[in-house]
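Dear colleague,

I am handing over the structure that you will be working with, and I would ask you to keep it open while you read the notes that follow it.

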Amino acid sequence: MALVNENYSNLQSSYLFANIARKVAEFQKTHPDADIIRLGIGDVTQPLAPAVIESMHKAVDEMSQADTFRGYGPEQGYEFLRQAVIEHDYKPRGIQLDIDEVFISDGAKSDVGNIQELFSAHNTVAITDPVYPVYLDSNVMGGRSGQFVDGKFENIVYLPTNAENSFSPAFPEKRVDIVYLCCPNNPTGTVLTRQRLKEWVDWCKTNDTVLMFDSAYEAFISSEDTVHSIYEIEGAREVAIEFRSFSKTAGFTGTRCAYTVVPKDLVINTANGEKQALNPLWNRRQCTKFNGVPYIVQRAAEAVYSEAGYKQTREAIAYYKENARIIREGLEAIGLTVFGGIDAPYIWLKVPTGMTSWEFFDLLLEKVHIVSTPGAGFGPCGEGYLRLTAFGSRENTLRAIERIKTLKI
Ligand code: MLT
């Protein structure tokens, strides 16, 4: 009889957002008239930009004619989109990338989850705490976590990230093989400074550590003192893989398109001490397990870089950033301590004294019918915090703040 991958038995409960969705569905069942406002999962609410839709329609028409129809596309993505990524996201920041360093995919979540396949199960992994759950869970599935003991996995290095260290984690006490950083950060909504990121790149170089750099929220950055790409920092090409996405930049959460940069300078060791570049391995992995993103979707993503597409998607980002301001200032006005929301669409707030983050989650759901994400769901150091997203509609954002004000907390 087949044997199951035992690593899956180490996973703790179900995936965070699936867990919350189930809780909310149960609440809705017992309170069918409740007008629920969803500020939990970071899912966009504004429609795709007109320029994106126009390009998509055109691509649909092409699929209807024999001479423009497309079957399987390149597993790495069409050149037109890879080239647009390089020209618009990297060149203006002084970063040179070769086209075969850019891999188009169906999501940053898939890529950050799948990339760990390239690494030995014996590698040590550091994550910030709190953390986007995919980094941790995918490594649990890959057998790198060890057992779950007293609220933590014994082989995972947790880097506390909280108000006390200004959301800038210290380096691991001992070297690790892989470290994940998310900047702008999900869930805390904060950014690391350019200087601190330089120190991280240097630390990774010194320790032969691979840096998984997730910048899915870079379009929300206002601060001058951080980076949009890790490759703005000298030496990063030798240590970092970067994950970017059209999900939050251009409202593609349901359309699915992202990309990952695996520089050719990034090499790690084989078991017998030889050097192995990760770029050809990722290419091999994608060719074997992935058939590329639909042509229609890649044409839609390309339109994000057109003059009209860029203007329209920036308007949507400004809209969400205004929501973030409304949430931040609304909560501050009633005496809550809030973080984030300036360079990211997430507001990370301290829950009222004496409550756990799940208790505050329940209170918001039951009393004012607002869905949030409890900080503890992102890791032990998330306890005492709660996350709200700015991706709701303006109307719902304003209504949510008015409702929270009625709680008199
Ligand atoms: C979140 O709410 O953290 C994100 O929407 C999840 C994701 O992007 O996969």
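In helix 2, Ala51, Val52, Ser55, Met56, Lys58, Ala59, Val60 and Met63 meet Tyr295, Ile296, Arg299, Ala300, Glu302 and Ala303 of helix 9, where two residues are in contact if their C-beta atoms, placed from the backbone, lie within 7 Å, and where helices (H or I, at least four residues) and strands (E, at least two) are DSSP runs numbered from the N terminus. By class, this contact of helix 2 with helix 9 has 10 nonpolar, 1 polar and 3 charged residues (Ala, Val, Leu, Ile, Met, Phe, Trp, Tyr, Cys and Pro count as nonpolar, Asp, Glu, Lys and Arg as charged, and the others, Gly among them, as polar).

The model is a predicted one, in which local features need pLDDT of at least 70 and side-chain atom pairs count only at pLDDT 80 or more, while totals for chains, interfaces and linings use all residues. Residues are numbered from 1 along each chain as its sequence is written.

The protein chain is assigned domain 1 (13-47 + 308-405) and domain 2 (54-306), with bounds that come from an automatic or database domain assignment. The centres of the two domains, taken over C-alpha atoms, are separated by 25 Å, and 31 residues of domain 1 are in contact with 37 residues of domain 2. On the side of domain 1 that touches domain 2, helix 10 (307-333), strand 13 (338-340) and strand 14 (346-350) each supply at least two residues, and the largest share, 7 residues, comes from helix 10. That side of domain 1 divides into 17 nonpolar, 10 polar and 4 charged residues.

With best wishes
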